[in-house]
Amino acid sequence: MSKVVSLKNVYFGYEGKLVLENINVDIYEGDYFGIVGANGSGKSTLIKLMLNILKPLKGSIKLFDTDINKFKNWGTIGYVNQKATSFNTSFPATVEEVVGLNLFSKIGMFKRIKKKDLQKVYEVLEIVGMQNYTKKLIGNLSGGQQQKVFIARALISSPKIIFLDEPTVGIDMKSQEEFYELLERLNKEFNITIVIISHDIGIISEKVNKLACINNKRLIFHEKNLNISKSNILKEIYGDGIRILSHNYNEK
Ligand SMILES: Nc1ncnc2c1ncn2[C@@H]1O[C@H](COP(=O)(O)OP(=O)(O)OP(=O)(O)O)[C@@H](O)[C@H]1O
């Protein structure tokens, strides 16, 4: 199976302070890959490195076997982040406009949108189950509905991989379930590789087929069907706190 993302000996820091250290990871076509970690552990930073938004201090990053600095095929990569759900309610765009944004900017604002392009907009809205909301203002939708629309927007360019940064923050449980069902369908039916980061290990560990945890600047890998209570993962995520507690206990 082909490698979609590959990081070798990657280091990254902000203003001289190291955040990620010696990161090595290969993500393969068809993977549903979860990355967990405590707040501030470096999850978003890792995704931004994979998207070339940030450059590593050291090490190499490849997308589809091409050095990330030479990679051109960005249309095959989708990105949905948590900020998408905090859309300003007065933003004057309809669902079909938001989904078609990239298409429309390519076409130019004042030219007529081709029927074929609109067709594509409706097609991706149907995949995410939002085909009945095309003329609704994006700001009037719930967080869960908005997030589906942003998935649809990512689907417009027929991506091979979608990166999601805490996509369900602020979304109620029922909508979260629907959202994860959608991701599973994109992964299984459309063979889209999914990379998702979250601090909610309980949910994520049930959904993904590969799981890694950022612990003390490093990436540690876990089995599929991980038994959270029996594994070390909580200690890895909240390591210091748990160590302090057990240390105090031993002293008594
Ligand atoms: N632009 C920046 N400049 C300086 N430090 C930063 C910057 N962005 C992030 N950091 C710091 O780098 C560390 C990792 O941040 P990052 O956002 O990657 O963590 P995270 O695991 O995604 O956190 P969260 O779960 O809270 O979103 C944190 O200590 C953060 O304060």
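Entry 1: I started at Phe33, whose bridge partner in β9 is Lys210. Strands here are DSSP E runs of at least two residues, and helices are H or I runs of at least four, both numbered from the N terminus. Two strands count as paired if DSSP finds at least two bridges between them. The model is predicted, so I kept to its rules: local features need pLDDT of at least 70, side-chain atom pairs count only at pLDDT 80 or more, and totals for chains, interfaces and linings use all residues. Residues are numbered from 1 along each chain as its sequence is written.

β3 and β9 pair in the parallel sense, over 4 bridges. I then looked at β8, where Phe33 stands opposite Val195. β3 (residues 32-36) and β8 (residues 193-198) are parallel too, with 5 bridges. Ile35 has Ile197 of β8 as its bridge partner.

**Entry 2: the whole sheet.** Which order do the strands take? I read β6-β7-β8-β3-β9-β10, an open sheet of 6 strands with mixed pairing. β6 (77-81) and β10 (218-222) stand at the edges with a single partner strand each, so one side of each has no neighbour in the sheet. Neighbouring strands are turned by 20 degrees against each other on average, direction ignored. My axes are lines fitted to C-alpha atoms, for helices over the stretch in contact; angles run from 0 to 180 degrees between N-to-C directions.

β7 and β8 run parallel and are joined by 5 bridges. Ile162 stands opposite Ile194 in β8. β9 and β10 run antiparallel, also joined by 5 bridges. Leu211 stands opposite His222 in β10. These two strands form a hairpin with 2 residues between them. In the turn, Asn216 has a positive phi of about 50 degrees.

**Entry 3: burial of β8.** Is β8 covered or exposed? I found 6 of its 6 residues buried. Buried means 20 or more other C-beta atoms within 10 Å of the residue's own, exposed means 12 or fewer, and partly exposed lies in between; C-beta atoms are placed from the backbone. Thr193, Val195 and Ile197 lie on one side, and Ile194, Ile196 and Ser198 on the other.

**Entry 4: helices on the sheet.** Helix α1 lies across β3, β7 (161-165), β8 and β9 (210-215), at about 155 degrees to β7. Contact means C-beta atoms, placed from the backbone, within 7 Å. Helix α4 (residues 143-155) packs on the sheet and touches β6 and β7. Its direction makes about 165 degrees with that of β6.

**Entry 5: the core.** The largest nonpolar core has 58 residues. Such a core is a set of buried Ala, Val, Leu, Ile, Met, Phe, Trp, Tyr and Cys residues joined through C-beta atoms within 7 Å. Val99, Val149, Ala152 and Ile194 touch the most other members. α4 gives the largest share, 6 residues. Leaving out residues up to four places away in sequence, I list Val121, Val124, Leu125 and Val149 among the contacts of Val99.

Entry 6: Which helix gives the most to the shell around the ligand? I get α1 (residues 43-50), with 3 residues. Near means a C-beta atom, placed from the backbone, within 6 Å. The residues around the ligand include Tyr14, Glu15, Asn39, Lys43, Ser44, Thr45 and His199.

Conventions. Two residues are in contact if their C-beta atoms, placed from the backbone, lie within 7 Å.
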